[in-house]
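Have a look at the structure first, then read on.

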Amino acid sequence: MLNRTRVSTAISFAALMVGCGTTTTSSPAASGAAPTATATASPLATHAQATSGSLPSGTPYVHQPVSEYASGASATSNYGAAHGSSWNATAATGPPDVPTCSDDGNAWASLANTTTETLTVKFTKALTPTAVHITQSLNPGFIKTVTVAGGGHTATIYTGTNLAKQAECPVDLDIAVHTVTFPIDEVAITVAQGDNSGWAEIDAVGLSGT
């Protein structure tokens, strides 16, 4: 994986709930002020401290190798409308390929930068998850929920609070999954950008499991 800061969180429960032409698309940042990371405390690191202690064992998160990266993707909106184009949901498939914190067409961006949107990725092989890895390559810190699905079952494995732009970028949000016992082949990531001054872009989604 490219050189990235890693933020980890451990989830102690999972509440059951509920891709080829190429077009040229101008940068989302060209529509407004170029977004930059700000020197604020990482809200995701705060979440990690709050949740890891609630694990029965008290065991901190231990990084797990990625078993596979997403092979397909769709989203509620895309800055790049054409399948396979820059900033389309399909840009979030495969391993990370945005080396720096930047507005890069190799990552997914929603059509607008003040909306709540969901990126849904698919995996070729269904695995019983042990971790989900989300690479945020611009304006990280706005992931509201992460839900996994497979075989007609769904579970929410992450809920973010006090969403705000974090300083570390690019950054991997690693979510340890402890209680999902069914194989999954889908991960849905909801991003609540609110009044964010730029797009919250996602470069890749990886799955660890058996």
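Tyr79 and Trp199 are both buried, where buried means under 20% relative accessible area, exposed means over 50%, and partly exposed is in between (1.4 Å probe, protein chains only). Keep in mind that this is a predicted model, where local features need pLDDT of at least 70 and side-chain atom pairs count only at pLDDT 80 or more, while totals for chains, interfaces and linings use all residues. Residues are numbered from 1 along each chain as its sequence is written, and side-chain values use heavy atoms, with hydrogens and water left out.

So what about the rings? Two rings of Phe, Tyr or Trp (its six-membered ring) pair if their centres lie within 6.5 Å; planes under 30 degrees apart count as stacked, over 60 as edge-to-face and the rest as tilted.

| Pair | Centre to centre | Between the planes | Type |
|---|---|---|---|
| Tyr79 and Trp87 | 5.9 Å | 80° | edge-to-face |
| Tyr79 and Trp199 | 5.7 Å | 85° | edge-to-face |

Strands here are DSSP runs (E, at least two residues), numbered from the N terminus. Ring pairs join Tyr79, Trp87 and Trp199 into a cluster. Tyr79 counts as buried because its relative accessibility is 15%, and Trp87 does too because its value is 5%.

Over in strand S8 (residues 153–159) you'll find Ile157. Is Ile157 buried or exposed? With a relative accessible area of 2%, Ile157 is buried. Ile157 and Thr179 are 22 residues apart in sequence, and their C-alpha atoms are 9.1 Å apart in space.

Finally, how far can you trust all this? The protein averages a pLDDT of 79, and 70% of the residues score at least 70; pLDDT is the predictor's confidence in each residue, from 0 to 100. Two stretches stay under 50. Residues 11–23 are one, with 35 contacts beyond four places in sequence, a contact being heavy atoms within 4.5 Å. Residues 33–60 also stay under 50, with 50 such contacts beyond four places in sequence.

Methods
Helices (H or I, at least four residues) and strands (E, at least two) are DSSP runs, numbered from the N terminus.
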